[in-house]
Amino acid sequence: MDNVKIKRKGWLRIVEAAIGVILILGSILIYYQRNSIGASDNFGENLPILMDEIVKNNTLRGEIVNVNLVNTGEVNIIKMKANNFLSLRIGRYDLNHTVEICNAAADCKLMADISNSDGNLYGYERIISTNINSSGFNPETTPKKIKIYIWKIK
Amino acid sequence: MNKKGMSHIEVIMAFIIFLGAIATMFYFFNPLKGNSLDEIYVENVLYNLEKNVSVDLIEMGVKLNNTSTVPASGGGSTPPGCQNPTPGEKNPNCNETLPRFTYSNTKIGINISKNIAENMNVSIKDLYGFEIISHFAIGSDIVCVNRDDYYFLPDFVIIKIAEDFNSTLADNNITNCPSSIDYRDYTMGGIYSRKVLSEKRILAFNSSYYNSILYNNELKESIGLGKNRNFDFEVDFLNGDKISGKRNIAKSFEVRAINKRVEILRYNGDVQFANLNIRVW
């Protein structure tokens, strides 16, 4: 008789615990379900149109086409202008980006430090052959490749 | 000893049964799966919204022959030493690199018949986006500029052809057009055709959205939304202009957002880039 009583109390406690767990789990699930804001992080898909903006900007396009790649200081200034141009348009502090300019036949390797990246790096490149106001065209030196690198900071 | 062991087994069994029951319940009635907003859902709304407010835009680069290797057919004055120039060659007796072209046509007519469709409007801009006075009648296939309107007419212009914009400097006074086109007046460059979003259509969509989304599920369905879903959007231009279709979202909803950089044809014929932000809940 005593044994039966003990067993019944055990089941009762289990049922109580189960109800408690269900209540807690249910509350957590409902809370997370109703308050979650998911953002589709598609910043990599915006690279082609960001590149469009750079190459359609007559001033920046002209500067990129006319830059002397041997003059590192001049190249860095234009890269900085292109970076500032992109910063205004990307407008996200959790993203970092850099622009590389090189000869059309070169690889435009990434020179920036990306140790703060979350592990994913997106890149997009385009060749700008010339611009309307370009006075002289040299097939070896005038066309430039521009490459945008973008990554999320971890 | 045996009794204590049995009670442990009972507890373990009870938990296994309990976990099994919970797992079965979640398998059939998973609240997260049933109501969650998949990423594809938002992308579908973005796709349909873009489709609803897009317009065809044609851009044509045209070189206006301010200087030409083609000798003038008459009129105007020729600098000393430059008489009877040979087309395309430097005249040794002339200080000019190229023989001077004396304009015989002040009115330039440009044939755009292959690219124009009904109801399309036209504007002409220079490389820096400044509009040039032009003359075009809707339904016509010739757009004209008049050299007399400018002290110096740019030698390269971009003709934009699309619906949904109003050119501020174009009139339909085709008396400013020449009686016939002189193809020496211009050289047609590249033609670039693409779909862009239209400010006019976005505003119209926003208006109908505000008026009907609470009562009319057709609009929601037209952009791929179910009856129990809602959405809003906002377009932010770099110059601070904004088209806002924002709505208040109750705290109890799951929200998913997407941001895309888009090209937008504005009312004045400018094509500007902007951020399109869509939220679905």
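Visitor: Which residue does Cys102(A) join through a disulfide?
Guide: The model is a predicted one. In it, the S to S distance at Cys102(A) is 2.1 Å, and a pair of cysteine sulfur atoms counts as a disulfide within 2.5 Å. The partner of Cys102(A) is therefore Cys108(A).

Visitor: Is the disulfide of Cys102(A) and Cys108(A) left-handed or right-handed?
Guide: The handedness follows from the torsion about the S-S bond. For Cys102(A) and Cys108(A) this torsion is about -115 degrees, so the disulfide is left-handed.

Visitor: Is Cys108(A) buried or exposed?
Guide: Cys108(A) sits in the loop between β2 and β3 of chain A, and its phi is near 55 degrees, a positive value in a residue other than glycine. A residue is buried under 20% relative accessible area. Cys108(A) has 4%, so it counts as buried.

Visitor: Where in chain B does Cys177(B) lie?
Guide: A search over all chains finds two disulfides, and one of them joins Cys144(B) to Cys177(B), with an S to S distance of 1.9 Å. This pair links distant parts of the chain, 33 residues apart. Cys144(B) belongs to strand β6, residues 142–146. Cys177(B) lies in the loop between β8 (170–171) and β9 (186–198).

Visitor: What relative accessible area does Cys144(B) have?
Guide: The link of Cys144(B) and Cys177(B) is right-handed, with 110 degrees about the S-S bond. At 14% relative accessibility, Cys177(B) counts as buried. Cys144(B) is buried as well, and its relative accessible area is 0%.

Visitor: Which residues does Asn146(B) touch, not counting those up to four places away in sequence?
Guide: Asn146(B) is in strand β6 of chain B, the strand that also holds Cys144(B). Asn146(B) is buried, with a relative accessible area of 7%. The residues it touches are Thr106(B), Lys107(B), His135(B) and Asn176(B).

Visitor: Is Asp164(B) buried or exposed?
Guide: Asp164(B) is placed in the loop between β7 (156–162) and β8 of chain B. Its phi is positive, about 70 degrees, although Asp164(B) is not a glycine. The limit for a buried residue is 20% relative accessible area. Asp164(B) has 11%, so it counts as buried.

Visitor: Which elements give two or more residues to the largest nonpolar core?
Guide: This core has 24 residues, and those that touch the most other members are Phe205(B), Phe231(B), Phe233(B), Val235(B), Leu276(B) and Ile278(B). In chain B, the elements that give two or more residues are α3 (39–52), α4 (199–212), β10 (231–237), β12 (255–265) and β13 (271–280).

Visitor: With which residues is Phe205(B) in contact, leaving aside its neighbours within four places in sequence?
Guide: Phe205(B) is one of the residues that touch the most other members of the largest nonpolar core. Two of its contacts, Phe231(B) and Phe233(B), are also named in that group.

Visitor: Against which elements do the buried residues of α3(A) pack?
Guide: Helix α3 of chain A covers residues 58–66, and its buried residues are Leu60(A), Gly62(A), Ile64(A) and Val65(A). In an α-helix, residues three or four places apart point the same way, because there are 3.6 residues a turn. The elements packed against are α2 (47–56), α4 (72–90), β2 (95–103), β3 (117–128) and β4 (144–153) of chain A.

Visitor: In what order do the elements of chain A run from the N terminus on?
Guide: Chain A has four helices and four strands. Of its 154 residues, 34% count as buried. From the N terminus on, the order is α-β-α-α-α-β-β-β.

Visitor: How much of chain B do buried residues make up?
Guide: Chain B contains five helices and 13 strands. Among its contacts with a separation of 6 or more, 74% are between residues 24 or more positions apart. Of the 281 residues in chain B, the buried share is 43%.

Visitor: Which residues lie nearest the centre of the largest pocket?
Guide: The volume of the largest pocket is about 1400 Å³. Its lining has 13 nonpolar, 12 polar and 16 charged residues. There are 41 lining residues, and those nearest the centre are Lys56(A), Asn57(A), Asn58(A), Leu127(B) and Ile158(B).

Methods
Residues are numbered from 1 along each chain as its sequence is written. Chains are lettered from A and ligands numbered from 1 in the order in which they are written. This is a predicted model: local features need pLDDT of at least 70, side-chain atom pairs count only at pLDDT 80 or more; totals for chains, interfaces and linings use all residues. Side-chain values use heavy atoms; hydrogens and water are left out. Buried means under 20% relative accessible area, exposed over 50%, partly exposed in between (1.4 Å probe, protein chains only). A nonpolar core is a set of buried Ala, Val, Leu, Ile, Met, Phe, Trp, Tyr and Cys residues joined through side-chain atoms within 4.5 Å. Contact means heavy atoms within 4.5 Å. On a 1 Å grid over the protein atoms alone, a cavity is a set of points where a 1.4 Å probe fits but cannot get out, and a pocket is an open set with protein on both sides within 12 Å along at least five of seven lines; lining residues have an atom within 4 Å of a point. Grid points are joined across faces, edges and corners, and a volume is the space filled by probe spheres set on the points. Ala, Val, Leu, Ile, Met, Phe, Trp, Tyr, Cys and Pro count as nonpolar, Asp, Glu, Lys and Arg as charged, and the others, Gly among them, as polar.
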